[in-house]
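Today I am opening my notebook to look up a few side chains and rings. Come and read along with me.

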Amino acid sequence: MKNSFSQHKVFFTFLAKFLLFYIAFSALYYLYLSQFDEKKNELDGFTQLVAKQSAAIMRFFAEDVATQTHRFQPAVQIIYKGEYVARVVEGCNALSVMILFAAFIFAFSTNWKKTIPYIFIGIALLHVLNCFRIAFLCFALYHYKQYGTLLHGTIFPLIIYGAVFLLWILWVTKYSGYAQTITKK
């Protein structure tokens with residue numbers, strides 16, 4: 001058993017660091033969300049910010065874009081050309097995806113001077129990309145309602161998860177320090 005652990009020490013270290021970071025930050029996120037009463041349709045501030053920023057991006061490309069608080073659920077409605085095209089709920093804010101991204105980077109880190117800036121820059125990029133993703137999804141849902149399930153459930157999630165995957169690959173191959181360690185052996 002001891003020999004097996006030492007053979008796979010790098011994997012177990014990665015797994016422990018990943019789980020530690022992911023569980024800790026997921027718990028903090030849960031504590032943040034617990035401040036808002038879903039039964040009273042209270043929506044967290046970050047999700048509201050994402051909705052407003054997504055609408056601002058839409059306004060850059062088109063006129064007649066508005067947001068309003070949903071009357072019956074914790075959500076922000078996005079109105080385009082007078083038509084309710086989408087609602088932004090807590091799951092749309094990409095914070096859970098950002099936690100997953102950061103947990104991987106943290107677990108695959110060897111140098112804090114590279115890790116912390118990469119996490120912050122990556123989260124900022126994911127936030128901006130997510131706002132653009134929501135904006136373009138709203139345009140797509142307005143023009144192609146018949147493809148709503150495909151657009152919302154498959155195509156547009158691929159954008160954010162694809163970006164996370166590319167940022168992970170970039171981290172592992174260029175910045176983490178592991179690529180240099182493996183090539184030296």
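First, a term I need: buried means under 20% relative accessible area, exposed means over 50%, and partly exposed is in between (1.4 Å probe, protein chains only). I note that this is a predicted model, where local features need pLDDT of at least 70, side-chain atom pairs count only at pLDDT 80 or more, and totals for chains, interfaces and linings use all residues. Residues are numbered from 1 along each chain as its sequence is written, and side-chain values use heavy atoms, with hydrogens and water left out.

I looked up Y32 and found it partly exposed, because its relative accessibility is 26%. F36 is also partly exposed, at 25%.

I then searched the whole structure for aromatic pairs and got 21. The ring centres of Y32 and F36 are 5.4 Å apart and the planes stand at 75°, so this pair is edge-to-face. My rule: rings of Phe, Tyr and Trp (its six-membered ring) pair if their centres lie within 6.5 Å; planes under 30 degrees apart are stacked, over 60 edge-to-face, and the rest tilted.

Which residues do ring pairs link into a cluster? I wrote down F60, F61, Y80, F132, F136, F139 and Y142.

**Entry: Q77**

Is Q77 buried or exposed? I found Q77 buried, because its relative accessible area is 10%. Among the residues that Q77 touches, leaving out those up to four places away in sequence, I listed A66, H70, Y84 and R87; contact here means heavy atoms within 4.5 Å.
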